[in-house]
Structure formats: C-alpha cells, structure tokens
Amino acid sequence: MHDDNPDWPAWIEASLADLDRQTRRRVLRRIDSARGPRVRIDGRELLLCASNDYLALTADPRLADAARAALGQWGMGAGASRLISGSMGPHHELESRIAEWKGTEAALLFNSGWHANVGTIAALCGPGDRVYSDALNHASLIDGCRLSRAEIRVWPHRDVEALAAMLEADARQPGRRLIVTDSVFSMDADEAPLAALCDLAERHGAWLMVDEAHATGLLGPRGQGLVADLGLGDRVAVQMGTLGKALGCFGAYVAGSRALIELLVNRARSFVFTTALPPAVAAAAQTAIDIAEHEPERRRRVQALAAELRKRLRAQGWTVLPGRVPILPVLVGDDAETMALAARLYAAGVFGVGIRPPTVPEGTSRIRLTLTAAHDEHDLDAILAAFGPGPNLTGRVAETGVSS
Ligand SMILES: *Cc1c(COP(=O)(O)O)cnc(C)c1O
C-alpha cells in the first residue's frame, strides 16, 4: 500500500469502533408489517411510539386508493426533473391545493423536507448575505445555511433579544438577511416566538423562513401549521412544510409569493437537478391534505392523548417537556442511562427511541415518544407500565441542561 494513501477499510473500522466506544453507534431496525400503532419487529409485536405519523395517515386506505388511481392513469415514475421532461398534472394540482390551503399565491413541491430547505436557503442567499439560524434548527436548515455560503449567525434557542442584537450589529452591512427557524422544534416540541420574529424581520428588512415539518396537519384552523395558528400568514415570506410526517406521504413544499416560487423553480438546485416525485405520491398527498383539513377530530384526538400521557408520566416521576404537538421528550440526561431505558422499554414491548448527541445537546439525552391518532387509552397504560416509576419519585433526579 502507498504510504500517503489513507487505508479506507481501516479508517471505517476505526470510525465504527469509535462510535461503539461512545455508545453512539446507530442501527436500523427492520419492521415487517404495515405502519400502525403496533408493528412487527424481530418476530415480536411492539407498540410504536417513534413515528411522525401523528394523524395515522400512512396506512389510511384512502391514501393508497388515491395513489392506485394515479398509478393507473400516470404510471410509476416522473421520468425526469420537471424542467426537463414536462411537469405532470398531479404535481400542479397539489401545488394549487397547498397554495389555497396556506393562503399564499403559489407553492412548489420538493422531493423531501431536506431538499426544500437546502435548495431554498441556497437559492435565496449567497456570499455577502447573512442567514440567522436558531441554535436548535433542524439539520436540513443548517445544511441549507452552509450550502448558501452566506455568513451564518446562530442565535441561542428562542432568544429573540439575542437575535435582535445580532441584527442590530449587522444593520450597516450590505446584503440580504434571512431569518430561518423551525416552527415547532422536533426534539423539544417547543414553539418558535414567531410573532416576535416577524417584528424583527420587518424592522430589519429581513425575510423570515419557517419550517413547519412538525406543525403541519396539527396546528392552525385547517391544520396548516403554526404560522396560520398565530394568524401570521401575511408576514412570513417563506413557509416550508413536509408531506411525510402528519400527512403520511412523502415530499415537501415551499409556499409563498408567485415571484418567490418562480425564483425557486429556476435557482433551487435540489428542485432543478432531481427527478420529480412520483405522480401517485402527489395524488395521495392531496387526499391527505383533504383529510387533515376536514377531519379535525384526528388532531384533537392525538393532542388529547399526548396531554394525558404527559400528565401521567409526570405524575409517575418523569420529566417531560411541555408542548402542543404529540411529541413527548422524556428527559434522562445521561447517554448510557437513556439507552438503557430505551432497551428496557423495548423489552417491555414499547418502541420509543432514545435520542442522543449530536441530535440533541450534550447532557440532554432523552426518550422521544410520539403518539398517533390511532393510539388508544390501553396503549397509554402499556407505555406507563413500561416506564415504571421515574427519577423524580425514586429520588434520582436527572441533571440536564434543559429546563422543563
Ligand atoms: C423531518 C424534518 C425535515 C426533513 O423533512 P423530510 O421530508 O423528512 O426530508 C425538515 N425539517 C424539520 C424540522 C424536520 O423535522
């Protein structure tokens, strides 16, 4: 072997061994049944409390019916990028439906939330511009910031004063300013101070981009998200949301002005240089939006279940962060303890995923439980029994960097 050449296999082995040492090696768990509150893993049936299928739409037969009908009419694949081989009817219909739902002039589909965020931020900002990003923003927003090659300013989580000071300090700098934030944060379930962010954006001539991945389908009068819930639709220039979580499909969108969408069609590389979503996925997503809008009892039910589980877990001695969406972060703190608890839950038939750094800050490892509208009261009993009494009852209070 040439001395200057890195030994790839050895490097990979060492990297994996490193992860093992830190107990941070992740593995895939194979599921052998359709999604639902219960799934088959390793020949066992487990209560799944780890999906983002909040409205229980992934397995809804109406979505499959819509997809089947579209498959019959349009076939499987889109064949190419929409700019190359023509843009299919189902994509346009879904975009019109999203724009109507969100109350914007237009919307553009992306193949995932990841594509939407990296493509949009990099299309809007470049060298000489500034992107302001909440410290706990989703990885895809972070990567969008990096890819843009704009200057990145990270403000402490939800700290509006700190962001105001940053904008103030940059007030004389030339270039565009973009403020980006999750609306509901995926790991803490808390909400961005959107009204204050709108005020700041307006005062400083900045644009605000909001990622509604975990609020879509759950908040707002028609399930459109937190922006609509707070009545801020006219003040948020770039509204991104996903179709793969509460809506149970796949893909994502950006909604905003006609001009914004035209620019993204031309400049968002993750839109231009990728094969479009299968038309059947677009057809199913349209059905999913109809259901999310017209069956509000689904979001009410899952929110009520989550509130009940949060209350009972706390009464049992666990520290659970507050929130309106069905994400329950049960704080443990230590990595190894978190994974031991996850293993104990798994043995008891409850699949709730342990979340560790780098996904969350050091010292804030947790079990992230999520519920769906298809869970029921018996499932809550099973989850509570699997957890048993928590550290606040047993006297071993977790020391974490997150306050509840
Ligand atoms: C899941 C998620 C994404 C990515 O969306 P995908 O469609 O799964 O790629 C983006 N932003 C946030 C906040 C998310 O939680």
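Helices here are DSSP runs of H or I with at least four residues, and strands are E runs of at least two, numbered from the N terminus. I'm working on a predicted model, where local features need pLDDT of at least 70, side-chain atom pairs count only at pLDDT 80 or more, and totals for chains, interfaces and linings use all residues. Residues are numbered from 1 along each chain as its sequence is written, and side-chain values use heavy atoms, with hydrogens and water left out.

**Ligand**

I looked up the shell (a heavy atom within 4 Å) and found 13 residues around the ligand, with Gly113, Trp114, Asp211, His214 and Lys245 the closest. Helix α5 (residues 113-124) gives the most to this shell, three residues.

A side-chain N or O atom of Lys245 sits 2.5 Å from a ligand oxygen, and one of His214 is 2.7 Å from a ligand oxygen. For His138, I get 3.4 Å from a polar side-chain atom to a ligand nitrogen.

**Sheet**

I traced an open, mixed sheet of seven strands, ordered β3-β9-β8-β7-β6-β4-β5; pairing takes at least two DSSP bridges between two strands. β3 (106-110) and β5 (151-155) are the edges, each with a single partner strand, so one side of each has no neighbour in the sheet.

I then followed β4 (residues 130-134), which pairs with β5 in the parallel sense over five bridges. Arg130 stands opposite Glu151 in β5.

Technical notes: Polar contact = N/O pair within 3.5 Å; in protein donor to acceptor, adjacent residues only side chain to side chain.
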